[in-house]
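This report describes selected parts of one protein model. Please keep the sequence and the structure in view while reading.

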Amino acid sequence: MHIPVIAPIAHAALSQSLAAAINNKTKPLGSLGRLEDLATQLGLIQQTTRVTIDQPAILVFAADHGVVAEGISAYPQDVTWQMVENFLANGAAINVFARQNGCALRVIDAGVNHDFGVRAGLLDRKVANGTNNFAIEPAMSAQHCATALEHGMALARDLPGNVVGFGEMGIGNTTAAAALMHKLTGQPAAACVGAGTGLTPDGIRHKERVVAAAVAHYASVHEPLEVLATFGGFEIAMMAGAMLQAASLRKVLLIDGFIVTSALLVATRLQPAILDYCVFAHCSGEHGHALLLEQLGARPLLDLGLRLGEGTGSALALPLLHAAANFVNEMATFASAQVSAQLGEHTG
């Protein structure tokens, strides 16, 4: 399987041009804060001083997890397919937020334990009816993992536009994400495991024991793709593939919460430069996400206590990308507005 090569976005001359364009706007230097950093990042990704947000889309990947047999979720597995039905009926939070912000939404069956049949609005990329229980055997075979990655890459190649947001749905997937984080970062299981769908303190401790025991059992597993196959989910693997392909095509990646970030964590172990293309939408309320963001050196745009998944944080952060692009393209310069450049650092 070919992993797409991702080029770093660093470009000294373009960085200087972007800084000049931003600093010559009618405002005190640095007064638009993070939006200025975001505009610079967008310009470096797109290799231009006139950035665009073109046909943004959010991909929501759904799959089931065999590890639910260990009692690590407050909800039964059937909720996965029921929520996919909710997506298709335009009734979920991500439907509302994507529609509100003019963002296309694609729902992908990566491996749900349910037969949807042929359905309008559902992209069938099912690898299998959920993963194995990684507490007793690897979550997926190497071939299934490769298939999921390749499906994700193909989806990203076929997607129009230059901004891709990521979301997920899968009962048990915070457990998979916690195992990936525990294994790949070396952080203690207790730092990686959270309440997920709403576990009690006793439930969280049980989930922590399941994750710690599984990771200890597979101590000899180290290669990123082998780690992904051992502990991941089909939606996590498919996201990782889509991220790698999208970044190789110089698209902006909008990263949602804990599970999406765990997919990115795997992708960084394969192509570290992928981080240059990532805009971290928010810091999830799920325990472990703040530490995982810190491990990746990431600064999220929002902190709203969200822990729903579905790509909701990605959709809510999208207006900030538009704002960064719009001020660079539309805001007057000192010269065009005949405003004194001595405005300087003060705010009036």
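The model is predicted.

## Pockets

Empty space in a structure can be located by calculation. Rolling a probe the size of a water molecule over the atoms shows where empty space is left.

The largest pocket has a volume of about 490 Å³. It is lined by 32 residues, and Met169, Gly196, Thr197, Arg307 and Leu308 are the closest to its centre. At least two lining residues come from each of helix H3 (78-88), strand E4 (163-169), helix H6 (173-185) and helix H11 (258-270).

The second largest pocket holds about 270 Å³ of space. Its lining has 13 residues, of which Arg34, Gln41, Cys278, Phe280 and Arg299 are the closest to the centre. H2 gives the most to the lining of the second largest pocket, namely four residues.

| Pocket | Volume | Nonpolar lining residues | Polar lining residues | Charged lining residues |
|---|---|---|---|---|
| Second largest pocket | about 270 Å³ | eight nonpolar | two polar | three charged |

## Helices H6 and H9

Two packed helices are described by the angle between their axes and the distance between the axes. For H6 and helix H9 (residues 224-231), the angle is about 145° and the axes are 9 Å apart. The crossing of H6 with H9 is right-handed. On the H6 side, the contact is made by Ala176, Ala179, Leu180, Lys183 and Leu184, and on the H9 side by Val227, Leu228 and Phe231. By class, the residues of this contact are seven nonpolar, no polar and one charged.

How many of the eight residues of H9 are buried? Six of them are, and H9 is mostly covered. The buried residues of H9 are Pro224, Val227, Leu228, Ala229, Thr230 and Phe231. Besides H6, they pack against helix H5 (142-158), helix H8 (201-217), helix H10 (234-248) and H11.

The buried residues of H3 are Val79, Thr80, Met83, Val84, Phe87 and Leu88. They pack against strand E1 (57-63), helix H4 (93-100), strand E2 (104-111), strand E3 (122-124) and E4.

Asn90 follows H3 and is found in the loop between H3 and H4. Most residues other than glycine have a negative phi. The phi of Asn90 is instead positive, near 60°, and this residue is not a glycine. Is Asn90 buried, partly exposed or exposed? Its relative accessible area is 47%, which lies between the limits of 20% and 50%, so Asn90 counts as partly exposed.

## The loop between H12 and H13

Glu310 has its place in the loop between H12 and H13. Glu310 is also not a glycine, yet has a positive phi, of about 70°. Its relative accessibility is 3%, so Glu310 counts as buried.

Thr312 belongs to helix H13 (residues 312-330). Why does Thr312 count as buried? Its relative accessible area is 3%, and buried means under 20%. Leaving out residues up to four places away in sequence, Thr312 touches Ala93, Ile94, Phe97 and Asp256.

Phe166 lies in strand E4. This residue counts as buried because its relative accessibility is 0%. Phe166 and Gly257 are separated by 91 residues in sequence, while their C-alpha atoms are 9.1 Å apart in space.

Leu292 is located in helix H12 (residues 289-295). Leu292 is buried, with a relative accessible area of 0%. Apart from neighbours within four places in sequence, Leu292 is in contact with Met181, Thr185, Phe258, Thr261, Ser262 and Leu265. Leu292 and Ser220 are 72 residues apart in sequence, and the distance between their C-alpha atoms is 23 Å.

Notes: Residues numbered from 1 in each chain as written. Predicted model: local features only at pLDDT ≥ 70, side-chain atom pairs only at ≥ 80, totals over all residues. Heavy atoms only, no water. Buried < 20%, exposed > 50% of the residue type's maximum accessible area, 1.4 Å probe, protein only. Contact = heavy atoms within 4.5 Å. 1 Å grid on protein atoms, 1.4 Å probe; cavity = no way out; pocket = protein on both sides within 12 Å on 5 of 7 lines; lining within 4 Å. Points joined across faces, edges and corners; volume = space filled by probe spheres on them. Nonpolar A, V, L, I, M, F, W, Y, C, P; charged D, E, K, R; others polar. Axes fitted to C-alpha atoms, helices over the stretch in contact; angles between N-to-C directions. Left-handed = near helix turned anticlockwise from the far one by under 90°.
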